[in-house]
Amino acid sequence: PVSGSPASPVQFPADFVWGTSTAAYQIEGAAREDGRTPSIWDTFSHTPGAVQGGDTGDTACDHYHRYPQDVALMSGLGMGGYRFSVSWPRVQPTGRGPAVQRGLDFYRSLVDELLAKGVTPVLTLYHWDLPQELEDAGGWPERDTAYRFADYAQLVADALGDRVDMWTTLNEPWCSAFLGYGSGVHAPGRTDPAAALRAAHHLNLAHGLATRQLRSTLPGRAQLSVSLNPAHVRARSASEADQDAARRIDALATRVFTGPMLHGRYDEDLMADTARITDWSHVRDGDLDIAGQPLDGLCLNYYTPSLVSAVTADDADVERRDGHGASAHSPWPGADRVAFHQSPGEQTAMGWSIDPTGMTELLLRFSREAPGLALYVTENGAAYEDKPDADGRVQDPERIRYLHQHITAVHDAMTAGADVRGYFLWSLLDNFEWAYGYSRRFGIVRVDYETQQRVPKASAEWYAELAGTGRLPEVPEP
Ligand code: PNW
């Protein structure tokens, strides 16, 4: 294009998948129906003080009963894909033994509904809802949980393998391990750094065991992957100390999972940094080979970068802004000399700064580090305090702007060579935002939690145009 001409349209390939993401506990409700038993999130959300407003997922968006309407909504928006998760305690209530047929039937009906409308299902096996009984037996810090996960994966594969082609094992194992067992702001709310590191390893092992099993039973067309939320870490300065702080956080946020899963190893610096906390004797011979099973794709979730520095005497009063909720306990075992800072720029309602360059850099990092793997963005989006106007319409120009910037950033990565095949917006619906309950709305469709009415926001219409044309629409003038 001639410089000075209007920016050339941002056009995506015709086979690029446009979709939305959700997770079982955040939308399904029906917490005690059809044989479902409590997960760690049921227990946690019913613990006074754990979740903002005392909110729980008991009813959520009632998607369990309203899924035909929700699929019709997606189809009306012209979505090509839908990423959802299977609730482990709905399918295998105690985390052991045979499957509950009614639980599997729900997912089978959901998938059939999607396929009938031409929406490709992308199935996540684990989006944080561990059966409580397995937590009572020790949870992710216990090795046995990894084997239980592989058995559960097999049950789901047997039931849905003939109709689902895109499988991801875990969603954001960092949150499961370090928010669940380190800072305790997520279920099960434990605050034990050594347990958090054991949990991370057993999640790596669980991913590998399940991948090995799915590979041997699913048809050859099945695509296997995992969804990670690599913190895109930036050092506040070029000083050696700040660079080292960034290295430590990258190890604990990202390489603790990508090391085993992509390269079959734990990096030496990670093991040395955490030597005070664990001797890593929970890692057995052969585990890393299992964790490093070959994958077909890598799914990345991106919202905001992290800005860190080394703690110095001057930082004694630096506010701990690590965007992970208020806790006296760190989610970063062994990195207590690291300070987190608010990145510059505007923020969303999560207090997360808006920086689309992190998206491009993240995709390019993994296109170099994992050549040959198809990349997917499986989560990206923004919470805003949008409200219906007098006519009941929801104008959410900030969300449209956020999406426009980040989808442009995905395109930039593709132009620079990243093999990105799809983008799944978080989220289809406003939903249960974990420790924040219903106080944060990420949906492109508004949910009225009193009436369960769904109202597509302006961003949904904007996104539908993108999905229909593959060309990024302009941001509407205010
Ligand atoms: C991800 N953090 O959660 C999840 O995969 C979604 O279920 C969630 O709704 C979405 O992002 C928006 O938050 C995260 O504290 C929760 O760093 C917390 C953190 C990161 C991701």
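This is a predicted model: local features need pLDDT of at least 70, side-chain atom pairs count only at pLDDT 80 or more; totals for chains, interfaces and linings use all residues.
Q: What is the largest C-alpha distance between the residues of the "active site" feature?
A: The UniProt record puts this feature at Glu172 and Glu379. Although they are spread over 208 residues of sequence, they cluster in space, and the largest C-alpha distance is 10.4 Å.

Q: Is glutamate 172 buried or exposed?
A: Glutamate 172 is found in the loop between strand S4 (166-171) and helix H8 (173-183). Its relative accessible area is 6%, and a residue counts as buried when this value is under 20%. Glutamate 172 is therefore buried.

Q: With which residue does the side chain of glutamate 379 make a polar contact of 3.1 Å?
A: Glutamate 379 is buried, with a relative accessible area of 4%. Leaving out residues up to four places away in sequence, glutamate 379 touches several others, including Arg83, His127, Glu172 and Trp426. The polar contact of 3.1 Å joins its side chain to that of arginine 83.

Q: Which helix holds arginine 148?
A: Arginine 148 counts as buried at 15% relative accessibility, and, apart from neighbours within four places in sequence, it is in contact with Trp88, Gly95, Arg96 and Leu134. Arginine 148 lies within residues 144-160, which form helix H7.

Notes
Residues are numbered from 1 along each chain as its sequence is written. Side-chain values use heavy atoms; hydrogens and water are left out. UniProt positions are given in the numbering used here, feature names are shortened, and annotations may be inferred rather than shown by experiment. Helices (H or I, at least four residues) and strands (E, at least two) are DSSP runs, numbered from the N terminus. Buried means under 20% relative accessible area, exposed over 50%, partly exposed in between (1.4 Å probe, protein chains only). Contact means heavy atoms within 4.5 Å. A polar contact is a pair of N or O atoms within 3.5 Å; within protein, one must be able to donate a hydrogen and the other to accept it, and residues adjacent in sequence count only if both atoms are side-chain atoms.
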